[in-house]
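Please keep the sequence and the model at hand while reading.

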Amino acid sequence: MLCLPASMRMGMISIGAHSMRLLDMQGRSGGGSLLQSRWQSSLPQLGRVDRSDEENTGGDIDWDNLGFGLTPTDYMYVMRCPQASGVFARGELSRYGNVELSPSSGVLNYGQGLFEGLKAYRRADGAGYMLFRPEENARRMQAGAERMCMPAPSVEQFVHAVKQTVLANTRWVPPQGKGALYIRPLLIGSGAILGLAPAPEYTFVIYASPVGTYFKEGIMSAIHLLVEEEFHRAMPGGTGGVKTITNYAPVLKAQMDAKSKGFADVLYLDSVHKRYVEEASSCNLFVLKGGTLATPATAGTILPGITRRSIIELARDRGYRVEERLVSIDDLVGADEVFCTGTAVGVTPVSTVTYKGTRYEFRTGEDTLSRKLYDTLTSIQMGLAEDKKGWTVAID
């Protein structure tokens, strides 16, 4: 999918404290090059970003009680697709700030947007930082962009942008064992469009925030889930298999209702048969029975999680048979152990699942597969164990 020239756009977009006004350039020669030069001059060059405050720690953060909430950091990364080639130009770092869009932008009117999530960890030796499989996030964004008729950064551009964002916000990376720097790449249709069509311009933004555990229960604390029977997260032929922004707001009602009843999250059933488990609001699901670990197959309605893929490989390394298949509600309630996986949640054990008013309990604690997989995964992510799989990327 290609971006239309800047000369066909009207409106205004500004990012952070550095703003750029897009005037109607129709009929004016050199409009595209003028627009590009204005954008480039509005952001500090990568090599000249002022990081004089880098020596300070992350403000007054209580690292021992860091939850999963937004803590604004110093810088964000911005890259745009300004020309008809559909190729993203060189990105720049900008001070973290608000993003202004035309009210007729594609993302605001038609939800043309994607996001990713990954984490940076402080290395055990204090000699830098670690990313976990960032190239997989880049490829997943590319797959989502194709589905949503959007151009996407190359894998190299994506990983470079993530590294630059981390390096510009190093004082916000939690001490090892206290959390991670959560990195949120966004790809949005920023160009103005009235009729239903792909946006004429796209913007790639990355911001970051220090985070702790996703669920309030804490690290490796078991959670309680409710099987949702009325609402569905995705449907065949839809966008459940890509990380589009439009997948998430529809789950809020079911999630809020479940939380009001004391549950941590919701498990969704398939929309056709209403008997196969798919995933929770923001994480994948695994069920263990004997020596077999099963997880719902990603067949278009389930997001192919990067943590999910890693857990499958680590479980097979331990001698478990891993099946990617349809997981029925009977498989779920009859399991010995159940756990969720995701970038935000890590590996989280499930203590109970409630279905049709009946609560089913599962094994939790130190001597469980989820605990062993969690220890192995986090040791690799934080550089505490040798990475024999080549999953981590060092940032020095």
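In this predicted model, strand S8 (residues 129-132) pairs with strand S21 (residues 392-395) in the antiparallel sense, over four bridges, and within this pairing Tyr 129 stands opposite Ile 395 in S21. S8 also pairs with strand S7 (residues 118-122), again in the antiparallel sense, and here Leu 131 of S8 is the bridge partner of Ala 120. The two pairings of S8 are set out below.

| Strand pair | Sense | Bridges |
|---|---|---|
| S8 and S21 | antiparallel | four bridges |
| S7 and S8 | antiparallel | three bridges |

S7 and S8 form a hairpin in which six residues lie between the strands, and Gly 126 in the turn has a positive phi of about 70°. As for the side chains of S8, Tyr 129 and Leu 131 point one way from the strand while Met 130 and Phe 132 point the other way, yet all of them are buried.

The helices come next. The axes of helix H3 (residues 134-147) and helix H4 (residues 155-168) come within 9 Å and cross at roughly 125°, which makes H3 oblique to H4, and the crossing in which H3 passes H4 is right-handed. On the H3 side the contact is made by Pro 134, Glu 135, Asn 137, Ala 138, Arg 139, Met 141 and Gln 142, which meet Val 155, Phe 158 and Val 159 in H4. Sorted by class, this contact of H3 with H4 has six nonpolar, two polar and two charged residues.

Key. Residues are numbered from 1 along each chain as its sequence is written. This is a predicted model: local features need pLDDT of at least 70, side-chain atom pairs count only at pLDDT 80 or more; totals for chains, interfaces and linings use all residues. Side-chain values use heavy atoms; hydrogens and water are left out. Axes are lines fitted to C-alpha atoms, for helices over the stretch in contact, and angles run from 0 to 180 degrees between N-to-C directions. Angles under 35 degrees count as roughly parallel, over 145 as roughly antiparallel, 65 to 115 as roughly perpendicular and the rest as oblique. A crossing is left-handed if the near helix is turned anticlockwise from the far one by less than a right angle, and right-handed if clockwise. Contact means heavy atoms within 4.5 Å. Ala, Val, Leu, Ile, Met, Phe, Trp, Tyr, Cys and Pro count as nonpolar, Asp, Glu, Lys and Arg as charged, and the others, Gly among them, as polar. Buried means under 20% relative accessible area, exposed over 50%, partly exposed in between (1.4 Å probe, protein chains only). Two strands pair if DSSP finds at least two bridges between them.
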